[in-house]
Amino acid sequence: MNSSGFKKKRTGVFWRKVNNCEQYFSFSYTRDRGLPGTNYSMYPTLSFRYQKVDELHCLFMGKEYDDRERRFGTGSKGLYTLVPRSDSFRYKYSSKNPMNDHAELIYKDFADYALPFFDKYDSLDKVEAYFDKNRRYNREGFDVIRHNAYGCCIAAVLCANGKLEKCRQLLEEDGIVTDEQKARIIEYIELQK
């Protein structure tokens, strides 16, 4: 992990910063009860955040950017979803098997799939380009975590990237945001002039 710039932030969370993008590789284990032996399911998650985007996203949603909201990021994706023909059982672990084999599988998937995922979104321009192609949720992209507020996330990315006029044009699209959200976004744009 260190060779790719990731440092351990706390147990189960690795972190690095590229440009203004904070990137996280986090995982949790749960013990599978009722099965013979000691079995665990692991859930590795990739996430990234741009603080300014997240602050604006909350503003546009009508929420305060508080401690709870700081735990969310701009986007995330389960690692197994990036691995072709894989499912959430990919990272099951049994204590009967060597931990090194399990760790090697995870690191190989991390190197093969997580690093390219992070590279795709390591600048606001790249996130903006993704949204230019995907006005609605696309399974191949990333998940917008904050209450499925996809349109507010697009607007927040555009505003954080200084594309206020492009954001104003976005608001003309039907169903991209609610009327309340649109009013908050327009008010923000007007204050920036």
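Reader: Over the ring of which residue does the charged end of lysine 9 sit?

Author: This is a predicted model in which local features need pLDDT of at least 70 and side-chain atom pairs count only at pLDDT 80 or more, while totals for chains, interfaces and linings use all residues. Residues are numbered from 1 along each chain as its sequence is written, and side-chain values use heavy atoms, with hydrogens and water left out. A charge sits over a ring if NZ of Lys or CZ of Arg is within 6 Å of the ring centre and within 35 degrees of the ring normal. For lysine 9 the charged end lies 5.4 Å from the ring centre of tryptophan 15.

Reader: How many disulfides does the structure hold?

Author: A disulfide is a pair of cysteine sulfur atoms within 2.5 Å. The sulfur of cysteine 152 has its closest cysteine sulfur in cysteine 153, at 8.8 Å, which is too far for a bond. The number of disulfides in the structure is zero.

Reader: Is cysteine 153 buried or exposed?

Author: Buried means under 20% relative accessible area, exposed over 50%, and partly exposed in between, with a 1.4 Å probe and protein chains only. Because its relative accessibility is 0%, cysteine 153 counts as buried.

Reader: Which kind of aromatic pair do phenylalanine 117 and tyrosine 121 form?

Author: The structure holds 21 aromatic pairs, where rings of Phe, Tyr and Trp (its six-membered ring) pair if their centres lie within 6.5 Å, and planes under 30 degrees apart count as stacked, over 60 as edge-to-face and the rest as tilted. Phenylalanine 117 is buried at 3% relative accessible area, and tyrosine 121 is buried at 2%. Their ring centres are 5.2 Å apart with 65 degrees between the planes, and the pair is edge-to-face.

Reader: Which element gives the largest share of the lining of the largest pocket?

Author: On a 1 Å grid over the protein atoms alone, a pocket is an open set of points where a 1.4 Å probe fits, with protein on both sides within 12 Å along at least five of seven lines, and lining residues have an atom within 4 Å of a point. The largest pocket has 14 lining residues, with Arg10, Tyr24, Arg49, Arg70 and Arg71 nearest its centre. Strands are DSSP runs (E, at least two residues) numbered from the N terminus, and the largest share of this lining, three residues, comes from β3.

Reader: Which residues line the second largest pocket?

Author: About 180 Å³ of space lies in the second largest pocket, a volume being the space filled by probe spheres set on grid points joined across faces, edges and corners. The lining consists of Lys77, Thr81, Leu82, Pro116, Phe117, Lys120, Arg139 and Glu140.

How values were computed. Helix = DSSP H or I, 4+ residues; strand = E, 2+ residues; numbered from the N terminus.
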